[in-house]
Amino acid sequence: LLNGTFDGTIANDRVAYAVLYRTLILRFVVYFGCVALFVALFRVDILDRSLHYYFLARLKRQTLTVAKYLSGLLAALVLFNGVTIATWTLLYLSFGPAGLFEHLATGGGLLELAAYVLDTSLACIGYGAVFLAAGAYFKNPIVPAVAILGWESINALLPPVLKKVSVIHYLESLCPVSIPANSGIAILADPASPRIAFPGIQLVAGALVYAAAARVHRLEVLYG
């Protein structure tokens with residue numbers, strides 16, 4: 001970019017941010033943020049004994065479920081994409097405003113940032129649907145949340161076939177910056193193709209929202 005030293009340093013920082021993004025933002029911030037946002041969409045109304053007000057309104061329960069999911073998704077997109085943009089921007093601001101603007105203009109930085117934002121958005125879509133369904137089906141959604149966290153955490157140790165049965169495998173496959181194999185968290189299996197990852201996460205999310213809507217349609221309000 002500006003000179004050889006800057007180019008070498010920014011290449012190292014890009015890999016460092018890729019590690020930070022996968023380990024902290026995807027696996028911690030977005031995951032637990034979606035647990036807090038989407039599990040509460042129905043559980044809070046049940047605990048507050050206010051869910052029956054929704055059911056008394058002239059509103060289909062399926063419509064209510066989709067509306068709650070979209071409201072949670074909107075909040076998640078704003079919050080977690082904001083975190084992604086802020087942390088990525090702070091990385092390149094360490095080179096000064098000139099380095100940031102030049103990387104955005106000539107170094108492919110804008111496409112890289114857009115890829116991270118898209119990946120975060122897909123994480124919100126996938127994890128949001130997972131925990132919406134968990135909140136609808138389980139009285140204590142923390143149990144499935146911990147179980148899913150354990151499965152996602154050991155994804156790097158799983159054989160290639162089992163890696164595909166997780167959201168994190170597809171999200172990490174879409175990260176714009178690859179991580180060297182000696183970093184300790186490299187994907188051992190071939191990364192998923194974007195043609196599979198993009199529609200795959202959306203189809204799974206749609207199926208889970210549909211399952212949650214079916215559960216809410218049969219849900220009885222029992223406050224005892």
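Reader: Which residues in helix 3 and helix 9 meet?

Author: Contact means heavy atoms within 4.5 Å, and helices (H or I, at least four residues) are DSSP runs, numbered from the N terminus. Here Arg61, Gln62, Thr65, Val66 and Tyr69 of helix 3 meet Ala205, Val209, Ala212, Ala213, Val216 and His217 of helix 9. Seven of the residues in this contact are nonpolar, three polar and one charged; Ala, Val, Leu, Ile, Met, Phe, Trp, Tyr, Cys and Pro count as nonpolar, Asp, Glu, Lys and Arg as charged, and the others, Gly among them, as polar. Please note that this is a predicted model, in which local features need pLDDT of at least 70 and side-chain atom pairs count only at pLDDT 80 or more, while totals for chains, interfaces and linings use all residues. Residues are numbered from 1 along each chain as its sequence is written, and side-chain values use heavy atoms, with hydrogens and water left out.

Reader: At what angle do the axes of helix 3 and helix 9 cross?

Author: Axes are lines fitted to C-alpha atoms, for helices over the stretch in contact, and angles run from 0 to 180 degrees between N-to-C directions. The two axes cross at roughly 135 degrees and come within 8 Å. Helix 3 is therefore oblique to helix 9, given that angles under 35 degrees count as roughly parallel, over 145 as roughly antiparallel, 65 to 115 as roughly perpendicular and the rest as oblique.

Reader: How do helix 5 and helix 9 pack?

Author: Their angle is about 25 degrees, with the axes 8 Å apart, so helix 5 and helix 9 are roughly parallel to each other. The contact of helix 5 with helix 9 has 17 nonpolar, two polar and one charged residues.

Reader: Which residues have the most contacts inside the largest nonpolar core?

Author: A nonpolar core is a set of buried Ala, Val, Leu, Ile, Met, Phe, Trp, Tyr and Cys residues joined through side-chain atoms within 4.5 Å. Buried means under 20% relative accessible area, exposed over 50%, partly exposed in between (1.4 Å probe, protein chains only). The largest core has 55 residues, and Val30, Phe38, Tyr69, Tyr127, Phe131 and Leu171 have the most contacts inside it. Helix 1 gives the most to this core, with 14 residues. Beyond four places in sequence, Tyr69 touches residues including Phe38, Ile125 and Ala205.

Reader: Is asparagine 155 buried or exposed?

Author: Asparagine 155 is buried, with a relative accessible area of 2%. This residue lies in the loop between helix 6 (142–153) and helix 7 (160–163). Leaving aside neighbours within four places in sequence, asparagine 155 is in contact with Lys163, Ser166, Ile168 and His169.

Conventions: Helix = DSSP H or I, 4+ residues; strand = E, 2+ residues; numbered from the N terminus.
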